[in-house]
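Hi,

Here is the structure I promised to pass on.

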Amino acid sequence: MIIGLTGACCSGKDTVAEYISKKHGYKHYSLSDILRKIMKEKGIELTRENLAAFGTELREENGNGILAKKTLEKIDLNGRFCITSIRHTGEAEKLRERKDFILVNITAPQNIRFERMRNRKRAGDPQTFEKFTELEEKESQTEGHGQQLKKTADMADISFINYSNDMASLEIKVEKLLKDIENK
């Protein structure tokens with residue numbers, strides 16, 4: 001079983017994946033972590049803008065499903081996995097080649113996501129709400145090899161709204177999500 005998580009910045013993809021991993025034994029992979037690793041090796045500064053630009057370049061050179069392909073090469077056919085940061089339709093399509101793949105779009109209101117981003121204090125994140133919304137608009141609407149968050153979200157089998165800022169309420173909602181996935 002592979003649960004794929006897509007969604008906008010700070011919607012809670014990694015938090016949900018970490019819970020599923022710890023509580024239910026799924027192995028967590030992030031497509032963005034693959035980009036970060038390659039960028040570090042090349043000495044490229046880890047900003048959101050650079051991640052998006054480098055991801056676009058990597059997809060141009062190797063095909064739109066390259067990050068998903070690299071991840072699938074790492075996993076066991078019989079395991080349970082949670083894959084986050086699916087930002088392009090080509091990545092979702094590559095993962096859909098597996099019959100046991102289900103795509104979940106995680107959403108949260110923009111103001112909540114901006115606060116989460118500020119609280120995580122990751123280097124390279126926008127520091128103003130205006131920059132945050134500007135970057136988000138750019139990430140969700142690109143064509144070709146760039147990020148296609150909106151189109152990828154539209155491919156989701158399930159939509160999950162994450163208003164939660166406390167783990168107890170999020171855990172209850174994730175347990176319901178897992179039951180919904182099992183019933184698909």
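How many aromatic pairs does a search of the whole structure find? The search turns up four; by a pair I mean rings of Phe, Tyr and Trp (its six-membered ring) with centres within 6.5 Å, called stacked if the planes are under 30 degrees apart, edge-to-face if over 60 and tilted for the rest.

Before the details, some housekeeping. This is a predicted model, so local features need pLDDT of at least 70 and side-chain atom pairs count only at pLDDT 80 or more, while totals for chains, interfaces and linings use all residues. Residues are numbered from 1 along each chain as its sequence is written, and side-chain values use heavy atoms, with hydrogens and water left out.

**Overall layout**

The protein chain has nine helices and five strands, which are DSSP runs numbered from the N terminus (helices are H or I with at least four residues, strands are E with at least two). Along the sequence they come in the order β-α-β-α-α-α-β-α-β-α-α-α-β-α. The radius of gyration is 16 Å, which agrees with the value near 16 Å for a compact globule of 184 residues; it is taken over C-alpha atoms, and the globule rule is 2.2 Å times the number of residues to the power 0.38. Along the principal axes, the C-alpha atoms fill a box of roughly 40 × 35 × 30 Å.

Of the 184 residues, 49% count as buried, where buried means under 20% relative accessible area, exposed over 50% and partly exposed in between (1.4 Å probe, protein chains only). Taking contacts (heavy atoms within 4.5 Å) with a separation of 6 or more, 71% are between residues 24 or more positions apart.

**The cores**

In soluble globular proteins, nonpolar side chains tend to be buried together. Here the largest nonpolar core has 22 residues, and Ile2, Leu67, Ile83, Ile86 and Leu95 are those with the most contacts inside it. A core in this sense is a set of buried Ala, Val, Leu, Ile, Met, Phe, Trp, Tyr and Cys residues joined through side-chain atoms within 4.5 Å. Several elements supply at least two residues each, among them helix 3 (48-62), helix 5 (89-96) and strand 4 (101-107). The largest share, five residues, comes from helix 2. There is also a second, separate core of 18 residues, including Ile20, Ile102, Leu177 and Ile181.

Leaving out residues up to four places away in sequence, Ile86 touches Leu31, Leu95, Phe101, Leu103 and Leu149, among others. Leu31 is found in helix 2 and is buried, at 0% relative accessibility.

Tyr29 and Phe81 make a tilted pair, because their centres are 6.3 Å apart and their planes sit at 40 degrees. This pair links strand 2 (residues 27-30) to strand 3, with the two residues 52 apart. Tyr29 is buried at 15%, as is Phe81 at 6%. Lys27 lies over the face of Tyr29, 5.3 Å from the ring centre, the criterion being NZ of Lys or CZ of Arg within 6 Å of the ring centre and within 35 degrees of the ring normal.

Phe114 and Phe129 are edge-to-face, 5.4 Å centre to centre and 85 degrees between the planes. Phe114 lies in helix 6 (residues 110-120) and Phe129 in helix 7 (residues 129-141), so this pair ties together parts 15 residues apart in sequence. Phe114 is buried at 7%, whereas Phe129 is partly exposed at 33%. Ring pairs also bring in Phe132, giving a cluster with Phe114 and Phe129.

Most residues other than glycine have a negative phi. Cys10 has a positive one of about 65 degrees, and this residue is in the loop between strand 1 (2-7) and helix 1 (13-24). Lys121 has a positive phi too, near 55 degrees, and is exposed at 71%.

Cheers
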